[in-house]
Amino acid sequence: MGSRTGRRPLKIVTGVSGSPKIYDAAIDPRRSTLDDALAIARLAEQHRFDALFAADLLSFGAQGAIGAQEPLIFLSALSAVTEHVGLIATVTTTFHHPYNLARLFGTLDHISNGRSAWNAVTSSVGEENYGAGELPSPEERYARAGEVLEVVNALFDSWQPGALTADGRGGAVVHAELVRPIDHIGRHFTVRGPLNIPPLPQRRPVQFQAGQSEGGVELGARYAEVVFTSLATLDDALTYAKKIRTRAADLGRAQGLPLIFSSLHTTYGATEAEVRRLVRERAEAADFEAGRHALADMLGGGVDLSELPLDRPIPESVLPQVHSVNRRRGRVEIFTALARSGKTLRELIVAAEDTGHWAAAGTPEQLADAIEERYDAGVLDVIGLGGLDAPRERDFLLNGLLPELRRRGIVGADYAGTTFRENLELPPPAG
């Protein structure tokens, strides 16, 4: 069954680089640390997932990415065992040069035959590893990100239409006069160009962007084709979608852009009774002492929750002023709002396990209802669903939730094209 009323079907993404099992493989000489990801990639393509998502963090420790590998190299390996599924790499704009980024993503687009995507982030950790001193302010990070994206897009476009043509004998001809310098001179970068790799199969990789603070919304509205969001409730999703799409329209973007991408953290049960039990057991199993530190991190890292009672709300005097926080302001906004809504410290610690993302518990049919509600409201275009690496969750996902979504005509049955851009049913890049 196709999507209802001619709408773009909901697109399905799954994570591929963050499994703690990667450490198990690292000490086993018989295995590669890529083994689990290879299995997930093949399974995702078999079941017509639209993309694989590789997250990234840049430091070790409390905020380190357990099991994360460098995304571009990681996804390059997965491109060799897949043909259709998209490849979304999370890469920072704060610690990379745009000329290198254009070459890296351009190469991934070539070796995957047009399946690359860039999730651009400004990074809230890692400055100690890049000689940057203190982390720049969010305003500085977003200003740099805007210039990075401007330069990278100009480099992708430096090969004009017709710059590379067939010679009629199985070879190619480069028309050098149509490969033009970009001559960029900006605050952060001076880049002459042009890009020194051939024009990309997609012309540009699909542009994802993550960030919900004021600066993140502005950057996403201006450049992103898909925005990766933390929207815990339908009201959050409605408010955010209206805000960013209104701004995108003001900037002359096409109607419906950017697409909204939300990750759903699921708790599956065969019955409502099993769901209630699993939710209760999860709450009871929480490590509340470690959870205090995790929640403090969600609040920007500058608060002390160690002596506060679990079953009372956090006092207003403890909560940070969002604009005084230098790290992850969007996440701080989410958790200060939750705290001010009256949730207890215990409830906030449990919520922090989902890091502010949309979370739902239910049978496959009930979870499909929750997804359908957002899809019908026009605030869910791409969804992140995990569980392919765990037998129980994999069974509920592949034999329960996905078939139900397809039965309702929300998710398509097959790929829509040969490139990732075509599969997402996006318009050609602007410009």
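This is a predicted model: local features need pLDDT of at least 70, side-chain atom pairs count only at pLDDT 80 or more; totals for chains, interfaces and linings use all residues.
**Entry 1: helix α4 and its cover**

I then listed which residues of α4 are buried: P98, L101, A102, F105, G106, L108 and D109. They cover an arc of only 160° around the axis, so they sit on the same side of α4.

Next I checked the length. Helix α4 takes in residues 98-111, and at 1.5 Å a residue its 14 residues should span 20 Å. I found its end C-alpha atoms 20 Å apart, which agrees. After α4 comes N113, and I noted that its phi is positive, near 60°.

**Entry 2: P258**

Where does P258 lie? I found P258 in the loop between α7 (234-250) and β11. Buried or exposed? P258 has a relative accessible area of 0%, so I put it down as buried.

I also looked up what touches P258. Leaving out neighbours within four places in sequence, P258 is in contact with G220, A224, E225, V226, V227, I244, R245 and A248. For a distance check I took T239, which is 19 residues from P258 in sequence. From C-alpha to C-alpha, P258 and T239 are 14 Å apart in space.

**Entry 3: S263**

Why does S263 count as buried? Its relative accessibility is 15%, and buried means under 20%, so S263 qualifies. Which residues is S263 in contact with, leaving aside its neighbours within four places in sequence? My list reads F228, T229, H357, W358 and G384.

**Entry 4: the whole chain**

I counted 14 helices and 13 strands. For 431 residues, a compact globule would have a radius of gyration near 22 Å; the chain has 22 Å, so the two agree. Along its principal axes, the C-alpha trace spans about 75 × 55 × 50 Å.

Of the 431 residues, 50% count as buried. The accessible surface comes to about 19,500 Å², and carbon and sulfur atoms hold 52% of that. On contacts, I took those with a separation of 6 or more: residues 24 or more positions apart account for 75% of them.

Conventions. Residues are numbered from 1 along each chain as its sequence is written. Side-chain values use heavy atoms; hydrogens and water are left out. Helices (H or I, at least four residues) and strands (E, at least two) are DSSP runs, numbered from the N terminus. The expected span of a helix is 1.5 Å times one less than its number of residues. Buried means under 20% relative accessible area, exposed over 50%, partly exposed in between (1.4 Å probe, protein chains only). The arc is that of the directions from the helix axis to the C-beta atoms. Contact means heavy atoms within 4.5 Å. The radius of gyration is taken over C-alpha atoms; the globule rule is 2.2 Å times the number of residues to the power 0.38. Accessible areas come from the Shrake-Rupley method with a 1.4 Å probe; for residues, only the protein chains shown count as cover.
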